[in-house]
Amino acid sequence: MRIIAGTARGRRLGPVPSGARPVSDRAREGLFSSLGPAVEGARVLDLYAGTGALGLEARSRGAASATFVDRDRAATAAIRDNLARTRLEPAAVVTAEVERFLFRTGDPAAAADLIFLDPPYDLEGPGLDRVLARLGSSAPPSEGRTVVLTRGNRSSIHVIPLHWALARRLTYGDSLVFLYREV
């Protein structure tokens, strides 16, 4: 895996931690082409971050800041390593369950302009629905927000907040990538 474009273009990322399923280079390239100027200056929240590839790509393309959240210590160690490899520091790296992180005191998603959700494909039902509902109840920045959700092409239908408009649906192999605009 590598950074596709921006200031860290071509830099290789470290080994993928066991159990992580990173978004492919091809899918990231298509996703970021679809996001276009929404990345420049964005405050990014990368949930279920794994290797951090999505947030790192955003930082490389001009995002102002990034917060990476994953429950797995090996994953957050890999993110820290990848931040050093790409020289895209500083960034916040949080080892926590995503649901707990979102429901902690305050509203950690409120400051994010761009949110990446790349949960394990086997995360279905109430757990994912609660995360989506919490993000939907978070006050979006005045300019609006973009939420990117990746799912397996065999996953069940997820419950999306009513005020999220589907902007794009992309398919890459067994992955579906949904871009929602929230205003």
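Trainee: What is the bridge partner of aspartate 70 in β3?
Mentor: The partner is threonine 95. This is a predicted model, so keep that in mind throughout.

Trainee: How many bridges join β2 to β3, and do the strands run parallel or antiparallel?
Mentor: Four bridges join them, and the two strands run parallel. Strand β2 covers residues 65-70 and strand β3 covers residues 92-95.

Trainee: Through which helix does the chain cross from β2 to β3?
Mentor: Through helix α3, residues 73-86. This β-α-β crossover is right-handed.

Trainee: At the β6 end, how many bridges join β6 to β7?
Mentor: Eight, and these two strands run antiparallel. As one example, leucine 170 has valine 177 in β7 as its bridge partner.

Trainee: Switching to aromatics. How many aromatic pairs are there?
Mentor: The count comes to three. In one of them, the ring centres of tryptophan 164 and tyrosine 180 are 5.7 Å apart and the planes are at 40°, so the pair is tilted.

Trainee: Where in the chain do those two sit?
Mentor: Tryptophan 164 is in strand β6 and tyrosine 180 is in strand β7, 16 residues apart, so the pair links distant parts of the chain. Both residues are buried.

Trainee: What about phenylalanine 178 and tyrosine 180: stacked or tilted?
Mentor: Stacked, because their planes are at 20°, with the ring centres 6.2 Å apart. Phenylalanine 178 is buried too, like tyrosine 180. Ring pairs link Trp164, Phe178 and Tyr180 into a cluster.

Trainee: And which residue lies over the face of phenylalanine 103?
Mentor: Arginine 134, at 5.2 Å from the ring centre.

Trainee: On to helix α2. How many of its residues are buried?
Mentor: Eight of its eight residues, from a helix that spans residues 53-60. The buried set includes Glu57 and Arg59.

Trainee: What do they pack against?
Mentor: The buried residues of α2 pack against α1, β1, β2, α3 and β4. Just after α2, glycine 62 takes a positive phi of about 110°.

Trainee: Which residues is glutamate 40 in contact with, leaving aside its neighbours in sequence?
Mentor: Arg61 and Gly62, once neighbours within four places are set aside. Glutamate 40 is in the loop between α1 and β1. With a relative accessible area of 58%, glutamate 40 is exposed. Its C-alpha atom is separated by 7.3 Å from that of alanine 64, which is 24 residues apart along the chain.

Trainee: Alanine 38 is found in that loop between α1 and β1 as well. What does alanine 38 touch?
Mentor: Thr146 and Arg181, not counting residues up to four places away in sequence. At 31% relative accessibility, alanine 38 counts as partly exposed.

Trainee: Last topic, the backbone. Which residues have a positive phi without being glycine?
Mentor: Tyrosine 48, with phi near 55°, and arginine 87, with phi near 60°, are among them. Most residues other than glycine have a negative phi.

Trainee: Are those two buried or exposed?
Mentor: Tyrosine 48, in the loop between β1 and α2, is buried with a relative accessible area of 15%. Arginine 87, in the loop between α3 and β3, counts as exposed at 61%.

Trainee: Where is the cis peptide bond?
Mentor: It joins glutamate 89 and proline 90, with omega about 0°. Proline 90 is found in the loop between α3 and β3.

Terms used
Residues numbered from 1 in each chain as written. Predicted model: local features only at pLDDT ≥ 70, side-chain atom pairs only at ≥ 80, totals over all residues. Heavy atoms only, no water. Pairing = 2+ DSSP bridges. Right-handed = clockwise from strand over helix to strand, strands pointing away. Phe/Tyr/Trp six-rings, centres within 6.5 Å; stacked < 30°, edge-to-face > 60°. Buried < 20%, exposed > 50% of the residue type's maximum accessible area, 1.4 Å probe, protein only. Lys NZ or Arg CZ within 6 Å of the ring centre and 35° of its normal. Contact = heavy atoms within 4.5 Å.
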